[in-house]
Amino acid sequence: MDRIQGTDVDPGQLWRDGDPGAGILPTTFKKDFQNGFQEELVGIIEAAGLTPSVSDWTQIRQALAILLGPKTGKDFLVNGAFRHWQREQAFSITSAKYTADRWSANPDDGAATITRQDYTPATEASPPSSFLRFQQTGAATGQPVLAQKIEDVRQLSGREITVSADVRIGAGTDVVQFAVVQDFGQGGSGAVTQVSADLDIDTNFGRVSSTFTLGNMASKTLGARHHTRVELRMPSGKIYSVDWKDVQVELGNVATTVDLPDFGLELMRCMRYYQKSYDPGVYAGDTNVLNGAISTHESGSVKEGMQT
């Protein structure tokens, strides 16, 4: 897009009114300018996964809300570095359950223990504060999964994204996969799933990544709680321990350096979905003694209406 061109414009390439009495012609509409103006605006609408509509005068506003999204920085995930654990720091599960903030763990038909692990600075160079250990204690017939939902399926529809993470296995070698699911919500169109190729892992943290091109919203119907779900898929039929850290979802086909957001701002984003009224280091079921009185901390609250 460019400013208006021609000999019938004011200085600074500005539009002008005409003055027939003085023989001054007004600025004329030109197809290049009009087409550029149209395509720039329609491009914003379509980049957000929306279909241009002559009857909807709010589409630019909708598109900007989708494209900018409820996020900070380039990463579409919340708590990708597993720094926030409001509920607990250790979980024994036999079905899907939220563990670290925003992350749901599912051992399929097996069993698993999910724990927060902290680095020892003397043995790790410039580490993040923690990582997540997914220990499959009961073999599953399907793939155990660690997943996060990204609000509003339109936010990433029609776009190229790259999923990346640092990952290692406790012993030997194996493979993991990434999957991206476009879930159009309850009562909406059927979900669309894409799965990466096998990604090799060993006992050392290594960065793995995969790029996906997501479908657009053409002919799709939205239902309640629509979202894009990112899944970290692990081996089936085995007992193992897999460590995950610095998971990132970003636009484009290149896995770039991890960009950790401000700790406090990220905690606030986590608390849009779940929060508790006591200190971060205190967990549900913990007891406190004050002036001889014993109190037990209750579970936090899930925010109604938020995509959990």
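Student: Which side chain does Thr 162 join in a polar contact?
Tutor: That of Thr 211, at 2.9 Å. A polar contact is a pair of N or O atoms within 3.5 Å; within protein, one must be able to donate a hydrogen and the other to accept it, and residues adjacent in sequence count only if both atoms are side-chain atoms.
Student: What sort of model is behind these values?
Tutor: The model is predicted: local features need pLDDT of at least 70, side-chain atom pairs count only at pLDDT 80 or more, and totals for chains, interfaces and linings use all residues. Residues are numbered from 1 along each chain as its sequence is written, and side-chain values use heavy atoms, with hydrogens and water left out.
Student: Back to Thr 162: buried or exposed?
Tutor: Buried, with a relative accessible area of 1%. Buried means under 20% relative accessible area, exposed over 50%, partly exposed in between, with a 1.4 Å probe and protein chains only.
Student: And where is Thr 162? What does Thr 162 touch?
Tutor: Thr 162 sits in strand β7, residues 160–169. Leaving out residues up to four places away in sequence, Thr 162 touches, among others, Ser 209, Gln 248, Val 249 and Ala 255. Contact means heavy atoms within 4.5 Å. Strands (E, at least two residues) and helices (H or I, at least four) are DSSP runs, numbered from the N terminus.
Student: What's the strand order in the open sheet with β7?
Tutor: β1-β4-β5-β13-β7-β11, six strands with antiparallel pairing. β1 (90–93) and β11 (206–213) are at the edges with a single partner strand each, so one side of each has no neighbour in the sheet. Two strands pair if DSSP finds at least two bridges between them.
Student: How many bridges join β4 and β5?
Tutor: Eight, between residues 111–118 of β4 and 130–138 of β5. Thr 115 faces Arg 133 in β5.
Student: Now the helices. Which residues of α3 are buried?
Tutor: Glu 266, Leu 267, Arg 269 and Cys 270, in a helix that runs over residues 263–270. They span an arc of only 155 degrees around the axis, which puts them on the same side of α3. The arc is that of the directions from the helix axis to the C-beta atoms.
Student: What covers them?
Tutor: The cover includes β14 (274–275).
Student: What caps the N-terminal end of α3?
Tutor: Asp 262 does, with a side-chain oxygen 3.0 Å from the backbone nitrogen of Gly 264.
Student: Where's Gly 190?
Tutor: In the loop between β8 (174–183) and β9 (192–195). Gly 190 is exposed at 53% relative accessibility.
Student: Last one: how many helices and strands does the protein have?
Tutor: Three helices and 17 strands. Of the 308 residues, 41% count as buried.
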